[in-house]
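Take a look at the fold below before reading on.

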Amino acid sequence: MTGAQIVFESLIKEGVEVIFGFPGGTVLPFYDTLPQYPQIRHVLVRHEQGAAHAADAYARATGKPGVCVATSGPGATNLVTGIATAYLDSSPVIAITGQVARPYIGKDAFQEIDITGITLPITKHNYIVLRADEIAHVFKEAFYIATSGRPGPVLIDIPRDVFVEQAEFQYPAKIDLPGYKPVLKGHPAQIKKAARLINQAQRPVIIAGRGAIISRAFDELKQLAEKAQIPVITTLLGISSFPENHMLSLGMLGMHGMAYANMAVDEADLVVAIGMRFDDRATMKASAFAAKARIIHIDIDPAEIGKNIKVDVPIVGDAKNILRELNEEVVSQTRVDWVNQIDQWRHEHPSLAIRGGDELLPQFVIHSISEVTDGNALVVTGVGQHQMWSAQHFCFKKPNSLISSGGLGTMGFELPAALGVKIGCPDETVWCMAGDGSLQMTIQELATAAQERTAIKIAILNNGYLGMVRQWQELFFGKRYVATPLSGPDFVKIAEAYGIPGLRVKKRAEVVPAIHRAMEHPGPFLIDFIVEPEENVYPIVPPGAAFCEQIECPRRKAVIPGTNRVSE
């Protein structure tokens, strides 16, 4: 077989059904071979960054590795932002790049770039394949590395002439990587020690991160919370690891977390951290984080233990396995006083209250989508204010139903990622929550949505600003709005130019009918919500501050009817 055929045979052996890509000179032999493999669907994106984001989100939504393809030089470098996004959020992506032919490597040939050198810091591993007979073994290793332990992206760089070189195809039955042995089971003594702390605690909280979702520890997490009656808080990427309509759910913590969730962490005597990194947006001032608490940290990556926060009981391993064993050691109990205290904080600090009035508030839009869908949707966001409002005001009931860029904070993630999610989960309702600034970074993927007839629903929270940056300028830089006022296009006309129907909404009364119309349309649909331009995300913990210094909404008034929100 040719090297290109071996690539496709290897992909089939790994169960790959979809690849996201954009052709070019060095990968033409790959694309020329594609018609021989009709069982693999190729999605033509309009920019390679879109291919990486789509593959990343496909992986997050399905649990299967996502695959993206690009040519050498600029095609490969256009993948870099998407690869870094996947790396920081632990998403299993296989990135295949073309390279100039072997005789031209190192000679500054047309579209030559050292993509393995460039991506070394942002991949779990990468390869340059110099012989066709190495391809099968490399792919077997790459998929194993990407999906095992703490998942992450792996890049495979293949020179053009290796694609056409012939070799015998034999896919390895197993691999041997002596230096790579992820720990999956927690140490029994550490689990017992953690159980003792949980049983003795008076004011415990659980903080669940993305690791709880990656390990699919949904049932085990719920069992621990209910058995020991421990309130559950999530990080941004931990949202949807625990149902938010559950009485023990406190929502998200951190810079824009719920005020009562931050207060609970401040007053806790025990923190059970599951699959989280203690990153700065979650902990804020590290020296003041959970100062009264002992900390149990469960994570599959030993490098994360003690990296940012000193912990008392570290447990390395897969969260699902560890929680299953931990639940056997934990005793059933009630913590009425602690739960009542948190309920009082929730009443006194209603972070989800939405004020009444005639203004079209972005919080109202997100809440309305949540109500219309009854939380039965997969939500994909970009980065900015709309991301935080989505995290706060959509009630996530389904496991693994928020797909967002957390670690890198990549604007433009939402549209190509929503495509990847919908293609991976065609029977699910997928809402793409976008900002007018974030969307314009990858807006060309509307063409992909139209061409693939991918029935995503796009909600733009259009405030005419780079909203999150403007908010910081208002709060911390004397309202000097430098380079944040945003002149945008007519998004409805842009959508229609791509063959996608759209609506513009300016009034509260128009919101719910527009959402229903989008849901009823069988294909992609865009709604441009013209929202209050200087609305801010609250609560906010200022950079460098502790949770006790959080700022709550100064303009909270009456709550909108029918939301069951409590107001001051």
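How many bridges join β5 to strand β6? There are 4, and the two strands run parallel. This is a predicted model, where local features need pLDDT of at least 70 and side-chain atom pairs count only at pLDDT 80 or more, while totals for chains, interfaces and linings use all residues. Residues are numbered from 1 along each chain as its sequence is written, and side-chain values use heavy atoms, leaving out hydrogens and water.

**The sheet**
- The open sheet has 6 strands in the order β2-β1-β3-β4-β6-β5, with parallel pairing.
- Strands (E, at least two residues) and helices (H or I, at least four) are DSSP runs numbered from the N terminus, and two strands pair if DSSP finds at least two bridges between them.
- At the edges sit β2 (41–44) and β5 (125–128), each pairing on one side only.
- In β6 (residues 154–159), D157 stands opposite I128.

- The structure holds 3 cavities of 30 Å³ or more.
- A cavity is a set of points on a 1 Å grid over the protein atoms alone where a 1.4 Å probe fits but cannot get out, and lining residues have an atom within 4 Å of a point.
- Grid points are joined across faces, edges and corners, and a volume is the space filled by probe spheres set on the points.
- The largest cavity has about 150 Å³ of space, and S351, A353, Q363, Y538 and C553 are the closest to its centre of the 15 lining residues.
- Helix α17 (residues 385–393) gives the largest share of that lining, 3 residues.
- The second largest cavity has a volume of about 40 Å³, and its lining includes R60 and L237.

Definitions and conventions: 1 Å grid on protein atoms, 1.4 Å probe; cavity = no way out; pocket = protein on both sides within 12 Å on 5 of 7 lines; lining within 4 Å.
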